Amino acid sequence: MTHPPEIFAVPIDRAVLLYAPLHGLAALMNRRAAGQLREALAAGGGGAATATDTFTPAAPVAATEVAALVAALRAAGDDPPQGRTGPLGQPYFLGLLPTRGCNMACRYCDFAAPKTTSPVMSPEVARVAIDGYLRILDAVGARAAEVQFFGGEPFHAPHVVHFAVTYARLAAGERGLPCRFEVTTNGLIGEAECRWIADNFDAVVLSLDGPPDIQDRHRPALGGRGTSAAVMRSAAILSEGSCELVLRACVSRDTAPRLPEIAQWFGTAFRPGTVCFEALQPTPLSDAAGLAPPDPYEFAAGFDAARRILAGLGIEAVLSTADTERRQVTFCPVGRDALIVSPEGDVDACYLLEESWRGAGLDMRLGRVDVARGALALDPAAVARVRGLNLANKPRCRDCFCRHHCAGGCHVNHGCDGAPGSYDDLCLLTRVASAARLLRELGQDDAADAWLADRAALERTAVQCDDRLLGGGGPA
Amino acid sequence: MSAPPAGRSYALAPRVRWVQDADRIIVADAAGSRGIELRGVEAAVWSWLSLAYPYAWLVEHLALLTGTPAAEAAAHLRGVLDGWLAHGLLVPEAEGEAPAAAAPAAAAGDG
């Protein structure tokens, strides 16, 4: 079956943003030029524009530029990213979930695990998991190890983290492997603990939604008291430490208009290497707390502004579904052979609760930590099954210009079984934020500013179902 | 000075400073007149001491870390601690006294 080439065209007000990710090409042009480009490519032929190609694009895009685009797009682009195949190779990383418990009561939390009575991983499970992972690395000739910690809140069971980090460092070192450590934490931790983290981790993803009024409203401690002071102290300690600090902010309808302010505060109060912004996803808790997801257009425009502010401070801003530098078939560790060990010793492809992924009709179970045998028991058929959770099986994404970097988002929380082009709010904000990024990278700041200020224009861009230049869709 | 019986804890001496550097820990007294480099098991023990884990916890987890019986781990630990005590890098906590350093995160995290 012949697939249409991965060449996309989306309307930007009265212009057209051409985007060919596998050719590494983007351009802003007027509609006439886009139409002539489409005709030339649809007519086929290889190499440079031929004598029968006639381009009269009118200003500002010259005929020679259209011809150059035709030539570039007629050439074969890169192969689209492929999912993993074959035997288990180097796992993406080893993930450890010390506990699903947590010391906070975030108002939008979608983790149904008990806060204070959740099981805790035993040090024996951690050790066997680390040993099994390192044996896999030995077998494939890997040059480095990576261990990531998730929760709940991983430092709600700190002794597990303390043991696992020291053991992994020691065991990897005996194999001559450097070991990278990363943790995602809510930051509600003691000062000494935080300094230990700063010394022992390579990267810390710290959840902090904004200045104190936002943080205390969104992310209180168990019992309802504010957490901003403690979390800000943690952010300050981590800023000064040797680890990379990544701030992760959840944005609601109320806070989206404050994205520029939040970005400025993050960039001046702390020293993050990266700031990640994510749109709040509705949950029963968020509904009860009166927290709503952001308007997708307001979020995308705010993210664009935040990104520019942070760039001026030398800080990268990321919206995980709109990172146009990525080429991937899966948005997350799922499908990349990440081995994520639950407190009970199950090995899964995803760190979310089993009830969440089973509720979505997915089976993320890869195997089990067999403490008695001192080994990881992995099912190759399960690994192959999970690898199938990728872009090829997401019909909603079929004709979207973001498909190769967004890859459909979270497999569990963002179903992509709908008809091609049936975009939801997460899709809309991804599409707008991605287009904005491409425009900025093209130096088309005036066009980007005007477009982002025009909601009707944003909607025309965002709701276009079929972005393929040669797929029958695209601008008229 | 021999290692006290299990149940006691140790604190890092107040004048001691240390830094984690990749897979080693460099320890120095405040005057900078003496420094030692710790790696492997010793670095792990120092790291755990900095988090105020008691002696019994150290024995249990050192055994797991090294894959040795508890008695062997205890003997190993005593040797390490004796050395650090002799160099003035550690001070023993009185029995029944709470560890001087910050407690593990479960007890902290005050807002």
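Modeller: Before the interface, one cut-off: two residues are in contact if their C-beta atoms, placed from the backbone, lie within 7 Å. The model is predicted.

Colleague: Fine. How many residues of chain B are in contact with chain A?

Modeller: On the chain B side there are 21 residues, and they are in contact with 30 residues of chain A.

Colleague: Which elements of chain B give two or more residues to that side?

Modeller: Helices α1 (40-50) and α2 (55-66) of chain B do. The largest contribution comes from α1(B), with five residues.

Colleague: What ipTM and pTM does the predictor give the complex?

Modeller: The ipTM is 0.83 and the pTM is 0.92.

Colleague: And what pLDDT does chain B average?

Modeller: The average for chain B is 78, and 73% of its residues score at least 70.

Colleague: Where in chain B does pLDDT stay under 50?

Modeller: Residues 1-5 of chain B are one such stretch, with eight contacts beyond four places in sequence in the model. Residues 95-111 of chain B also stay under 50, and there the model has 51 contacts beyond four places in sequence.

Colleague: Over to chain A. What does the domain assignment give?

Modeller: Domain 1 covers 8-80 + 423-463 and domain 2 covers 94-380. Their C-alpha centres lie 36 Å apart.

Colleague: How many residues of domain 1 are in contact with domain 2 of chain A?

Modeller: On the domain 1 side, 15 residues are in contact with 14 residues of domain 2 of chain A. The elements giving two or more residues to the domain 1 side are α14 and α16 (455-463) of chain A. Of these, α14(A) provides the largest share, eleven residues.

Colleague: Which residues in the largest nonpolar core touch the most other members?

Modeller: L17(A), A129(A) and A164(A), in a core of 179 residues. Helix α14 (residues 425-441) of chain A gives the most to this core, ten residues. Domain 1 and domain 2 of chain A each supply at least three residues to this core.

Colleague: What does A129(A) touch, not counting residues up to four places away in sequence?

Modeller: On that count, A129(A) touches L94(A), L96(A), V341(A), V369(A) and L376(A).

Colleague: Sheets next. In what order do the three strands of the open sheet in chain A stand?

Modeller: The order is β1-β2-β3, with antiparallel pairing.

Colleague: How many bridges join β1(A) to β2 of chain A?

Modeller: Five, and β2 spans residues 15-20. F8(A) has Y19(A) of β2(A) opposite.

Colleague: Which helix lies across β1, β2 and β3 of chain A?

Modeller: Helix α1 (residues 31-42) of chain A does, running at about 125° to β3(A). α14(A) also packs on the sheet, touching β1, β2 and β3 of chain A, and its direction makes about 90° with that of β2(A).

Colleague: What order has the open sheet of eleven strands?

Modeller: In chain A it goes β10-β9-β8-β7-β6-β5-β4-β11-β12-β13-β14, with mixed pairing.

Colleague: Why is one side of β10 and of β14 of chain A left without a neighbour in the sheet?

Modeller: Because β10 (316-318) and β14 (375-378) of chain A stand at the edges, each has a single partner strand. The twist of the sheet averages 20° from one strand to the next.

Colleague: What packs on that sheet, touching β4, β5 and β6 of chain A?

Modeller: Helix α4 (residues 158-174) of chain A, whose direction makes about 175° with that of β5(A).

Colleague: How do β7 of chain A and β8(A) pair, parallel or antiparallel?

Modeller: Parallel, over five bridges, with β7 at residues 203-207 of chain A. S207(A) has R248(A) in β8(A) as its bridge partner. Strand β9 (residues 274-279) of chain A also runs parallel to β8(A), joined by six bridges. There, C250(A) has E278(A) in β9(A) as its bridge partner.

Colleague: And in which sense do β11 and β12 of chain A pair?

Modeller: Strands β11 (residues 339-341) and β12 (residues 346-348) of chain A pair in the antiparallel sense, over two bridges. V341(A) stands opposite V347(A) in β12(A), and V341(A) is also among the residues touched by A129(A).

Technical notes: Residues numbered from 1 in each chain as written. Chains lettered and ligands numbered in written order. Predicted model: local features only at pLDDT ≥ 70, side-chain atom pairs only at ≥ 80, totals over all residues. pLDDT = per-residue confidence, 0-100. Core = buried A, V, L, I, M, F, W, Y, C linked by C-beta atoms within 7 Å. Buried ≥ 20, exposed ≤ 12 C-beta atoms within 10 Å, placed from the backbone. Helix = DSSP H or I, 4+ residues; strand = E, 2+ residues; numbered from the N terminus. Domains from an automatic or database assignment. Pairing = 2+ DSSP bridges. Axes fitted to C-alpha atoms, helices over the stretch in contact; angles between N-to-C directions.
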